[in-house]
Structures are given as structure tokens and as C-alpha cells.
Amino acid sequence: MEYINTQKWHLFRYNYSIQKNKKEGAINEKKLELKKLLIYAKSVYHILKKIKELTDKRARKTIPFFNLIMPVFLFLLLQYESFHTVFSAPESMRKRLRHCIRGRIPKVDDVRDGLSLTDPEETERILADTVSRIRKNAVLRGGTIGGYVTAAIDRVELFCSRKKNCERCLTRKTASGEVEYFHKSIVCTTIGNNPHLILGQDMLGPRDGTEKDEGELTGGKRLIETLYSQHGHFADVIVADGLYLNAPFLKVVLNCHMEAVIRLKDERRLIFQDAEKLFGKGEGRKEPFYREGKKIDCWDLDGFEIEGLEKELRVARYCEKNEKTGEEKWVWLVTTSKEIDHKILWKMMHKRWDIEENAFHQLKTYYHADHCYCHEAVEVIFLLMLIAFNIREMYLYRRIHGFEGSGITRKSVTRIFRDDLQAGDVRRILYLEGG
Ligand SMILES: [Zn+2]
């Protein structure tokens, strides 16, 4: 009797969970609302208040400073591709602008003026505060890959032109000998489980006298150190590409009590050649494992050295074979970690270079990070974009129950928010006292 009851109970639980999942799976686009996103940004992260508190250094203050910077934040959140599309296309945008700005609608030049006089450090503070707040809410607890909070660093080139137009431009020569000017930032973001969070960025500086422009390694080291001083142990693992297989960089990561996982591609590197010899003899061979229809062979050995680093490094090599097509792909990595399981290391590499799934790709493709919104305010705009990115990720993955797996695309989310702004006035949220 008891047995039957137990079975019934399980059946009931099973059916209930199916129904529940169906219900959850049925979240539709109506659940997403720009108004709720803005209320969230305002009440949890105080973004609007912080924008209001930015120092206004303009000589002529004909338009309230907030009326310049807040709409920029909002339109970056809605992933508009240029300021012209927004501020110089009054016919199609009039309603949306009216729905978010009190008083006179600023001209694109007013906006540029305001942005160029905004302090990047103050803007950076808003990003850092947002990240602190997100970390306090234990969003990263439990890790993002295999129990580890995994972050990646990479370069994001913001735009380039043949015409120099600011003091902070980096320079390079093209194949034809022409000089190109550009801006580049090193960005650190979590990878693996959603939501993805951008932890910070470091804008590379231009050459000083005869010196060269700052290199990516300089920016990478500085970024890790800054984030560590701001947030303490902000990640367990830093994933990066082959450029970062460099003793001073690895030392910075280790000094911050984190582990590095570096992709190894360059066959000329001694560590590659040393490991290849040993792997060739069958040393370090692991049991194959299976992921996504692929059989993955792995070789994993510790005890390698690079000049300038005391700690010995571990090298892992993977051969991913597609069981259907027979296609093979080799992946190599170097890590400072002795403990992380080789299957988890594989997943870290996979998540980092999975094209759709990472923040670097999103910044470029959806947020137009490589578009020049306003050359005089590259860093401020990029920072506002990163804040917008984090708020939007948090809203979708933490506030909207069942968003993950709903199949709603990022493009649809943007369309919904843009439609919302066309349809409804949000000024009461944006301008409410104390907000
Ligand atoms: Zn420039």
C-alpha cells in the first residue's frame, strides 16, 4: 500500500513538474517590459541618480546635463547604432525622445558636447558600483563553469579612422603605409552561465614621446590589478588567448590568488614543442570523454616552465572528433592550476570561444561597440554601454523567470524595448524625485 502511494506521489510530482515547466517555458514576449527594466535599473542600482550626480563641466548649461547623458544611456541600452539615428532623425524618433526627455530635446551637438566633458573616472565608478552590487547579490555564487567563477579578458577595438581627432588615439600603419588611428580597450567579462557580467575595462593609452602605444599586456595586467583592488577575489579563473602566455601577466594573476587558463596556438613556443614531444610518446593521456556529439581525446601534463616564472605550468591538449563527419579539431591550453579537472578546463575554452555566447561578441554585434558614436567621448560612451549591458543581462536572467531557454532572441528583446518606448511615456520613472 505504502509502495503504491509513494509511486502515486512520484507520479504526481512528475506531472506537476511537467506542467510547471510548460508554464515556465511558455514565457512570452509580453513579460518583457522596458518600464520594469528601468525601474529595476533605478531602484536596485540607482543608475539614474548616479547619472544625475556626474559633474557637469560645460560652460553654457542651456540644457540640463541629465537630459543629455540619461538618453544616451537609454539609447545604448536599446542598442541604437548611432546618435544620428536618435537625435538627428526627429520624424521617426520624435515620439521616443518625447517619451523619455522632459523639456527641450537636445540636438546631437549638445549631446556630444555634454559627453566630451563627462569624466571617464566618474563614469567608471558607476560601472564598478554596479558590479559590486551584483556581486553582493551573490549572482556569481556557485561559479559560472564547473563551480569556478570564470572570467575572460580580451581586446575590443572600438573603431578606427584615417583622420586623427583626439589626443588619446592609438596609431598603426596599414600594409600600404597609411597611418590609422584607433581606440582599443581590454575588457574582462564572466563566461559560462548566464547572466554574463562585464567586470571592467581598461582603455589603452597612446604613445608618450618616442615610446610605443601601450600594449595589451599592459592593459590586461592593469585591469586585473584594478579589479582586484576594487572587488577583491572577483574570479577564480582568468581565461585569455595566447598573447597572455607571458610571465609578468601570469604573476599578476597568481598574486591576485587566481588561476590562469591560456589558449596555446603558437607551435613555435618552446612549451608547445616540449609538450608535443611528451604527448607524442603517449604521456599524460586521459580517458576520452564525449560532449555534444564529439569524442574528445585529452593529454594533460604538469611540470613545464617558462622563463621568468617560478611556478610550473600544466599543458593540456584536446582532440575533438565529430563522430558523424569525422572532422577533427585540436585545442591546446596552458594553465597555472593544478586542481581544475581537464574536462572543466575544456569547457572553459569552449565557452570562451563559443561565438554567440560571449560578451565580446555581443558588444560588437548588438551594441555596435566598434561604431564611433562620438570621438571626443570614446571611453565615457563605452563605459555607459558596459553598464547598460550588465543591467540588461541582470534584468533578463535574474528578473524574468524562465527567460533562459525561452528562445526569445536578443534582437527581439531590443525590438520589444524600442516598441515600448514608442508606445509609452517613461518619464515618470526616469525623473521621479529621489530616483
Ligand atoms: Zn581618438
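This is a predicted model: local features need pLDDT of at least 70, side-chain atom pairs count only at pLDDT 80 or more; totals for chains, interfaces and linings use all residues.
How are helices H9 and H10 oriented to each other? Residues are numbered from 1 along each chain as its sequence is written.

**View 1. Packing of helices H9 and H10.** H9 (residues 216–231) and H10 (residues 247–255) pack at an angle of about 5°, their axes lying 9 Å apart. They are therefore roughly parallel to each other (angles under 35 degrees). Leu-217, Gly-220, Lys-221, Ile-224 and Glu-225 of H9 meet Pro-248, Phe-249, Val-252 and Val-253 of H10 (contact: C-beta atoms, placed from the backbone, within 7 Å). The residues of this contact comprise 6 nonpolar, 1 polar and 2 charged.

**View 2. Strand E5 and the strands paired with it.** Strand E5 (residues 237–240) is covered on both faces, with Val-237 and Val-239 buried on one side and Ile-238 and Ala-240 buried on the other (buried: 20 or more other C-beta atoms within 10 Å of the residue's own). Strand E1 (residues 150–161) runs parallel to E5 and is joined to it by 3 bridges; Thr-150 has Val-237 as its bridge partner. Strand E6 (residues 259–263), also parallel to E5, is joined to it by 4 bridges, and Ala-240 stands opposite Ile-262.

**View 3. The contact between domain 1 and domain 2.** The domain assignment gives domain 1 (34–107 + 385–431) and domain 2 (138–363). Their C-alpha centres lie 33 Å apart, and 8 residues of domain 1 are in contact with 9 residues of domain 2.

Terms used
Domain bounds come from an automatic or database domain assignment. Two residues are in contact if their C-beta atoms, placed from the backbone, lie within 7 Å. Axes are lines fitted to C-alpha atoms, for helices over the stretch in contact, and angles run from 0 to 180 degrees between N-to-C directions. Helices (H or I, at least four residues) and strands (E, at least two) are DSSP runs, numbered from the N terminus. Angles under 35 degrees count as roughly parallel, over 145 as roughly antiparallel, 65 to 115 as roughly perpendicular and the rest as oblique. Ala, Val, Leu, Ile, Met, Phe, Trp, Tyr, Cys and Pro count as nonpolar, Asp, Glu, Lys and Arg as charged, and the others, Gly among them, as polar. A residue is buried if 20 or more other C-beta atoms lie within 10 Å of its own, exposed if 12 or fewer, and partly exposed in between; C-beta atoms are placed from the backbone. Two strands pair if DSSP finds at least two bridges between them.
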